[in-house]
Amino acid sequence: TRSLCDWSSDVCSSDLLVRLLGHLPTTGGTLVEAIVLIAVPLSALTAWWAAGALTRAVGARLALTVTWALAPSLLSALAIGSWPLLLVHALLPLLALAIGRAIGLPHKVSQASAGAAAAAGLLLLVIGAVQPLLVVLSALALALIAPSVPGRRRRLLWVLIPSLALHAPYLPTYLDRPAQLFAVSGVPPLPMTASATDLFMLWPATPGVIEALNPWVGATAAQLLPALPLLPVLVAALLSPLLAGDAGRAGRLGVLLAAAGLVAALVSRDTMIAVSGDQLVAAPLHGLLSTTLLALMIGAGAAFDALARREAEDSRMRRASTAALAAVVAGVCVVTVAGWSVLLPEQLEVQRSTSGQVPAAAADQGRTEARARVLVLETDTDEGVRASLVVHGGDSIIQQSAVAELRAASPVRSGAAVDEDP
């Protein structure tokens, strides 16, 4: 198998993600099933660990954990079974935690760890293999952090070195086709409908739960309720830059990174990089919106910690107001968990099937003119018969390449007809 994909060639290798995960001592099916099954609890666990670097208040850590474990980008990726996007979401809090420990957290500057910088580099290696643009956003974050950590800036370079080594052979492709940076490995091109309002609510696609909520709360409330779980984090993040000291610096860093992530998502939504059926499609926005939410949670964590602190000279009014705010945040978390527990199962589109209707087509890779074709006849609901021609068992991840998909999309963007497989 060739290690790179030439732009003018008809033969392409799979993406960077496969080159990394292909070395694991397990089968691909086992890996995918494990990621899909543990995505939510693993995301909750990594968020809990990362939140502990921002605050020791248990209530604040729980609020941040619930927000991350039930984030729109995670639930949307879980609904369609996009395991690379689930993997990115679960690893992002660990990346932030490792970077924080590499430079020394504000209350543990003396414990800055070179090993944490190496761990951050390995985490970014996997995350960037899914979507190269996430490496660019991470580099921007490190550049914003660097002025605040004199004497420890060299460690920030260690975070980037593994990813730079992985992506260096693809640099000519990125320069020739910058849209390649937006591509997501391991996820087949799918039409995604996301309005600007959806993106500002950090939903990578229009929430399907809106239809389920319409009969219960009405159309207007159904449009707003999916944003409710993010409201405490959003408000706290926007107020965090006003805090003093390290908390204010963390808040300003979070807001700047969130703005960069949101701008990148808006640009990605309008950048067509692949062909799906008879239409051009953009890359999935889940990774970019997960990064945006993580940046907001950095600021929110700093604000929650400031509110949770108790001093002897605090007035009774301040204690009462912070207790009331904590009760509101707790109520939002309870409603979020209860609501998604009821609504999420109906939204899932992931099913496991062990039966094979067309063994010849399923076994055939379909990469030559001799590929098998099977005519499948199915009875319809109106007692008719529906026929479909199956060329092969469906593309596997080793047959997908973001470079090849972008190459196929380029002439279509110029007005050429879509070259469909008969």
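Helix axes here are lines fitted to C-alpha atoms over the stretch in contact, and the angle between two of them runs from 0 to 180 degrees between N-to-C directions. The helices themselves (H or I, at least four residues) and the strands (E, at least two) are DSSP runs, numbered from the N terminus. Keep in mind that this is a predicted model, where local features need pLDDT of at least 70 and side-chain atom pairs count only at pLDDT 80 or more, while totals for chains, interfaces and linings use all residues. Residues are numbered from 1 along each chain as its sequence is written, and side-chain values use heavy atoms, with hydrogens and water left out.

Let's start with the whole chain. The protein chain has 18 helices and four strands. Of its 422 residues, 46% are buried, where buried means under 20% relative accessible area, exposed means over 50%, and partly exposed is in between (1.4 Å probe, protein chains only). Contact means heavy atoms within 4.5 Å. Take the contacts with a separation of 6 or more: residues 24 or more positions apart account for 71% of them.

Now zoom in on a helix pair. Helix α6 (residues 114–130) and helix α7 (residues 133–145) have axes that come within 7 Å and cross at roughly 135 degrees. That makes α6 oblique to α7; angles under 35 degrees count as roughly parallel, over 145 as roughly antiparallel, 65 to 115 as roughly perpendicular and the rest as oblique. On the α6 side you'll find Leu124, Ile127 and Gly128, which meet Leu134, Val135 and Ser138 in α7. Sorted by class, this contact has four nonpolar, two polar and no charged residues. For that count, Ala, Val, Leu, Ile, Met, Phe, Trp, Tyr, Cys and Pro are nonpolar, Asp, Glu, Lys and Arg are charged, and the others, Gly among them, are polar.

Histidine 167 links up with this region. It lies in helix α8 (residues 153–167) and is buried, with a relative accessible area of 9%. Not counting residues up to four places away in sequence, histidine 167 touches Leu16, Gly128, Ala129, Pro132, Val135 and Tyr174.

Rings of Phe, Tyr and Trp (its six-membered ring) pair if their centres lie within 6.5 Å; planes under 30 degrees apart count as stacked, over 60 as edge-to-face and the rest as tilted. Tyrosine 170 and tyrosine 174 are stacked, at 6.4 Å centre to centre with 25 degrees between the planes. Both tyrosine 170 and tyrosine 174 are buried.

Most residues other than glycine have a negative phi. Leucine 202, however, has a positive phi, near 65 degrees. This leucine 202 is in the loop between α10 (196–200) and α11 (209–217), and it is buried, with a relative accessible area of 6%.

Finally, look at arginine 269 in helix α14 (residues 245–269). At a relative accessible area of 26%, arginine 269 is partly exposed. Leaving aside neighbours within four places in sequence, its contacts include Ala194, Ser195 and Leu285. Arginine 269 and leucine 285 are 16 residues apart along the chain, with their C-alpha atoms separated by 7.2 Å.
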